[in-house]
Amino acid sequence: MGEPKISIDELAVFCKKKGFAVISGEIYGGLSGFYDFGWLGSEMKRNIKDSLWNDFVRRRGNIVGIDGSIITHPKVWEASGHVENFSDMIVSCGKCRESFRADQVAADQLGVNPASLSIEDVKVMVEREELKCPHCGSILKTASKFNLMFSTKIGSTAGNGVNSFLRPETAQLIFTDFKGVMDSARMRPPFGIAQLGKAFRNEISPRDFLFRMREFEQFEIEFFTADKDEGNDDEPDMSGFKGMKINLLTEDKQRKKEGEAERVDALSLLKTAKKWHAYWLLEFYSWFIRHGISPANLRIREHRKEELAHYASACFDIEYKFPFGWSEIHGDAERGSFDLDQHSKYSGQKMYYFDAQNNEKIVPRVAAEPSQGIERAMMAFLYDAYKYDKERGNVVMGFHPVIAPVKVGVFPLVNKLDEKASAVFRLVNENFVAVYDRSGSIGRRYARADEIGIPFCITIDFDTLKDESVTIRERDTTKQTRVKISEIAGYLKQRGL
Ligand SMILES: [Zn+2]
């Protein structure tokens, strides 16, 4: 447990074989940075998205959602700064003409952490160090900026088409739509607007399976507060985090070159983060733990001052310990009123509301911006769940019942019991995603179910015909329980489905 299990490449092979994810357009050689999700992957992704939307939007009175367009008005990206700043440094080899992401080349050859490098750091490194082309070995000389947005043309390409972009993040439409949503939903700060959907980034070198993709999905919340001293109005309820422990890597520790996180009380995050910011980080941290991520593989890392984007006054990541190192699976920046100010300036529209009580105009500030990559969460759940069980002689994917793509397997002990078993399958399948498996020994069928992480398997035997009961086997313990057919749904719900 907790030991390195398989590499990410091996996980990708496993995921393709079982039907979680495969590179898109595989029959034509594959399109780098794009993935198709199979019969299991599509269910699992949906479970992750539903869980996020239910836990963070529907079950909260102070968050509402939107679903904005993917191709976005070009002015949005001018105002947000993406046209100007949403770039990586690229190095191109003068000899073989291959291009690479400069921070990754620097990281590989100089042993530095790419997450900790700013664009300026990278530029200086390429100029000072003799970095070699990973392809042909020639010395790389200069780095240049490369904008990561996919551009597209709206309307006739021959005539007066307009150049625009596929959105590189889901946050900006929350800002452009802010006033309309606040008024129509009758919200006042502190409140949040959420969006979940596709985003696109023309990554120079997509890699690590689902980690760095060119097309991906994001769930973001912009949480607005009114207080000028950000994050301190209408205090969040922190009582749920009492007694909770987190792994925390502070800026201070990184500055002292101490790379390890410390296991501390969750509430000690308040020493470095403001209240609403800490609240949302802990909410997502516990969402991961609640859905089965091993505590040892999760940590919160504070950004160093030099890593901060121009709009952010503080930023924290939730990181997962992948085989290629601790990497961001969730980000959360405090953005102030930068975005609403920018859109107000570029559009000429007012982005404030009128506070009748104090008789003043207020432009809300973003005290927290939880930003969750769906595929990154998925990859963490996949990697964390993977375990080879020596005793059973097969892989057991230990998914939490909410995350598991298939919830129930239904097996007739022998084919003679097909009719009864089919009836049970239809009943179970009304409430839960289920598979019906009648081929091979029962042991073989349990193994197949373990490999795709089915939490519960139901076997119909000859006694079922007499006592209207079935045997339910739990994946993690292999414990078997006799349950009445009429009580199956209640039994499974009690166990987390
Ligand atoms: Zn080269």
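Me: What makes strand β16 (residues 325-334) mostly covered?
Reply: In this predicted model, seven of the ten residues of β16 are buried. A residue is buried if 20 or more other C-beta atoms, placed from the backbone, lie within 10 Å of its own; it is exposed if 12 or fewer do, and partly exposed in between. Strands here are DSSP runs of E with at least two residues, and helices are runs of H or I with at least four, numbered from the N terminus.

Me: Which conventions apply to the numbering and to the confidence of the model?
Reply: Residues are numbered from 1 along each chain as its sequence is written. As the model is predicted, local features need pLDDT of at least 70 and side-chain atom pairs count only at pLDDT 80 or more, whereas totals for chains, interfaces and linings use all residues.

Me: How do you know that β15 (residues 314-322) and β16 pair?
Reply: Two strands pair if DSSP finds at least two bridges between them. β15 and β16 are joined by nine bridges in the antiparallel sense, with Y320 opposite S327 in β16. The two strands form a hairpin with two residues between them. β16 is also joined to strand β20 (residues 370-373) by three antiparallel bridges, and D332 stands opposite P370 in β20.

Me: Why is strand β23 (residues 408-412) called largely enclosed?
Reply: Five of its five residues are buried, so β23 is largely enclosed by the rest of the structure. V408, V410 and P412 point one way, G409 and F411 the other way. In a regular strand the side chains alternate between the two faces of the sheet. Three parallel bridges join β23 to strand β24 (residues 434-436), and the partner of G409 there is V435.

Me: What makes D476 and E235 exposed?
Reply: D476, in the loop between β26 (469-474) and β27 (480-484), has 10 C-beta neighbours inside 10 Å and therefore counts as exposed. Its C-alpha atom is 7.4 Å from that of P455, 21 residues away in sequence. E235 lies in the loop between β11 (215-225) and β12 (245-249); with 11 other C-beta atoms within 10 Å, E235 is exposed as well. The C-alpha atoms of E235 and Y279, 44 residues apart along the chain, are separated by 9.6 Å.

Me: Why are helices α2 and α12 called roughly perpendicular?
Reply: Helix α2 (residues 39-58) and helix α12 (residues 374-385) pack at about 110 degrees, with their axes 10 Å apart. Axes are lines fitted to C-alpha atoms, for helices over the stretch in contact, and angles run from 0 to 180 degrees between N-to-C directions. Angles of 65 to 115 degrees count as roughly perpendicular, under 35 as roughly parallel, over 145 as roughly antiparallel and the rest as oblique. The two helices are therefore roughly perpendicular to each other.

Me: Which residues of α2 meet α12?
Reply: M44, K45, I48 and K49 in α2 meet I374, A377 and M378 in α12. Contact requires C-beta atoms, placed from the backbone, within 7 Å.

Technical notes
Contact = placed C-beta atoms within 7 Å.
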